[in-house]
Amino acid sequence: MELTFREGKIAQRVALDLIKFGRVRIERCYRLRDRFEVVYKLYLDVLWANDELIETIKKYSEDFEEDFEEVVKFLKEKNRVLKEILSLLETPKSVEEISSNLNLDRDTVSSLLDDLEEEGYVVDIGGRFQRVS
C-alpha cells in the first residue's frame, strides 16, 4: 500500500505510527503537475489489515493525497483475497491453479503466496502451496 504526502516530516511521523503493522519505507519523489514538486511516498508492506491499522491510517487521512475510503476498500479487498487463497489450499495447489480459480493475475497470486509463506500461513511443496494447519 502506498500513501502520498507533501511534507516529509508528516510522512516520517506516520511511518513511526505504522511500523508496528509491517515494513515501512519512504521515498522522496519528484513529479510534474503545473510545476515540479517534491512528494513523499510512504510504502507499507502489511499482510492483514485490522481495525487498529485502519484507525491509525484514518488519523492521517487529511495529510495524504489518496482517498481514505479507497485505501480502506483496497485493504479489505486484499483481506478477502487472502482468505480466498487460504480456503483453496487445503490440498496443494500451484500458482496457476489458484490464479485460475480466483480469476487473478499470476504475479499477484505469487506475491501474496510469498507473503503468506513468509508469515507461516502456507508452505511451498515443490512449487505447490498448501495451508499450514
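Two strands pair if DSSP finds at least two bridges between them. Helices (H or I, at least four residues) and strands (E, at least two) are DSSP runs, numbered from the N terminus. The model is predicted: local features need pLDDT of at least 70 and side-chain atom pairs count only at pLDDT 80 or more, while totals for chains, interfaces and linings use all residues. Residues are numbered from 1 along each chain as its sequence is written, and side-chain values use heavy atoms, with hydrogens and water left out.

**Exercise 1. A charge over a ring**

Determine what lies over the face of Tyr43.

Solution. Step 1: Arg25 stands opposite Tyr43 in β3.

Step 1: Arg25 also lies over the face of Tyr43, 4.3 Å from the ring centre. A charge sits over a ring if NZ of Lys or CZ of Arg is within 6 Å of the ring centre and within 35 degrees of the ring normal.

**Exercise 2. An aromatic pair**

Classify the pair formed by the rings of Phe5 and Phe64.

Solution. Step 1: the whole structure holds two aromatic pairs. Rings of Phe, Tyr and Trp (its six-membered ring) pair if their centres lie within 6.5 Å; planes under 30 degrees apart count as stacked, over 60 as edge-to-face and the rest as tilted.

Step 1: the centres of Phe5 and Phe64 are 6.0 Å apart and the planes stand at 75°, so this pair is edge-to-face.

Step 2: Phe5 is in strand β1 (residues 2-5) and Phe64 in the loop between α2 (51-59) and α3 (68-88), so the pair links distant parts of the chain, 59 residues apart. Both residues, Phe5 and Phe64, are buried (under 20% relative accessible area; exposed is over 50%, partly exposed in between; 1.4 Å probe, protein chains only).

**Exercise 3. A residue in α2**

Decide whether Thr56 is buried or exposed, and list its contacts beyond neighbours within four places in sequence.

Solution. Step 1: Thr56 lies in helix α2. Its relative accessible area is 9%, so Thr56 is buried.

Step 1: apart from neighbours within four places in sequence, Thr56 is in contact (heavy atoms within 4.5 Å) with Asp17, Leu18 and Phe21.
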